[in-house]
There are 2 protein chains.
Amino acid sequence: MAPPPSQVVSPFVSLILRVVTLICLLVSLILLITANGTASLPDYGHEKVKFKDVQAFKYMCAAIVIGIVYTLLQTTFTVIQISSGSRFGGETFVYVDFYGDKIISYILITGAAASFGVTQDMKDLVDLLGITGFANTVNAAAALCTLGFLFTAILSVFSSMALPKKA
Amino acid sequence: MAPPPSQVVSPFVSLILRVVTLICLLVSLILLITANGTASLPDYGHEKVKFKDVQAFKYMCAAIVIGIVYTLLQTTFTVIQISSGSRFGGETFVYVDFYGDKIISYILITGAAASFGVTQDMKDLVDLLGITGFANTVNAAAALCTLGFLFTAILSVFSSMALPKKA
């Protein structure tokens, strides 16, 4: 039952969660930046639509990129830890984990929430413009971003529980 | 420097943060449910607009209500703790604080993010319909909801740090 100092779960469990988070966020980013459609309105002609045209989608894109960079760093540190047996950065690193997981999870969920807010409330307009496929792809990206958030939130619970041993 | 068991801050500090959160969320709720405007479009006439007409605003309303109920309960428990000297629910309550603060902070920030997403991206439409005042009131409610989130997130840091002494 006694966990090793500064960790409540094995580094292997952390590594699996980080890698799964990374995959979710990478696929989410690819879906988001490749999503496109052609909006059509009688009398107004056609116009290409990309994620950059909607502020909430641009915000989600930034959130995903920040999440990827953070998760990539944490994955690297965990691999180093597993191979060398000691945690990069030593004892103070539990606070980096604690605040990092907490802040990044908030950033990811705000990105997904803002996007879902827009796609849900613009549903009628989206259907009218004939860009339902584009909206569905963005929704899939937001769903994967939410999954990335969930794994980061689980890691945040672990990094919170790891704090004690440092006090 | 030694904090009392199961707490890293004085119950008075917790109480102040809970009360401030409560005030932010109550004012936010009042602003949201009283916000209204009249959308006008040539050829389409006029239509009353309330927060219930936008899904993201309804979601924020639900998030604020959940936040108020939780914060009200926690405020009561903290007052009992200060007057009786012992924490309601005893030792296991630190886990209620920990998961409660964490989950409620996520709920509050998703409500605000979804609303901001909609108001930012519908700015042009809002101005066209002449309901800028309505949107501004909703934005003020979302800003107060974000403040309520921030205080809950701070309490969540404290309740995470309080976990150790329970292990």
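In chain B, strand 1 (residues 36-41) and strand 2 (residues 45-50) run antiparallel and are joined by six bridges. Strands are DSSP runs of E with at least two residues, helices are runs of H or I with at least four, and both are numbered from the N terminus; two strands pair if DSSP finds at least two bridges between them. This is a predicted model, in which local features need pLDDT of at least 70 and side-chain atom pairs count only at pLDDT 80 or more, while totals for chains, interfaces and linings use all residues. Residues are numbered from 1 along each chain as its sequence is written, chains are lettered from A in the order in which they are written, and side-chain values use heavy atoms, without hydrogens and water.

**Hairpin of chain B**
- Asn36(B) has Lys50(B) in strand 2 as its bridge partner.
- Three residues lie between the strands, and Asp43(B) in this hairpin takes a positive phi near 80 degrees.

**Tyr44(A)**
- Tyr44(A) sits in the loop between strand 1 (36-41) and strand 2 (45-50) of chain A.
- Tyr44(A) counts as exposed because its relative accessibility is 69% (exposed is over 50%, 1.4 Å probe, protein chains only).

**Helix 2 of chain A**
- Helix 2 (residues 55-84) has 30 residues and should span 44 Å at 1.5 Å a residue, which agrees with the 44 Å between its end C-alpha atoms (the expected span is 1.5 Å times one less than the number of residues).
- Just after helix 2, Gly85(A) takes a positive phi of about 90 degrees.

Methods: Buried < 20%, exposed > 50% of the residue type's maximum accessible area, 1.4 Å probe, protein only.
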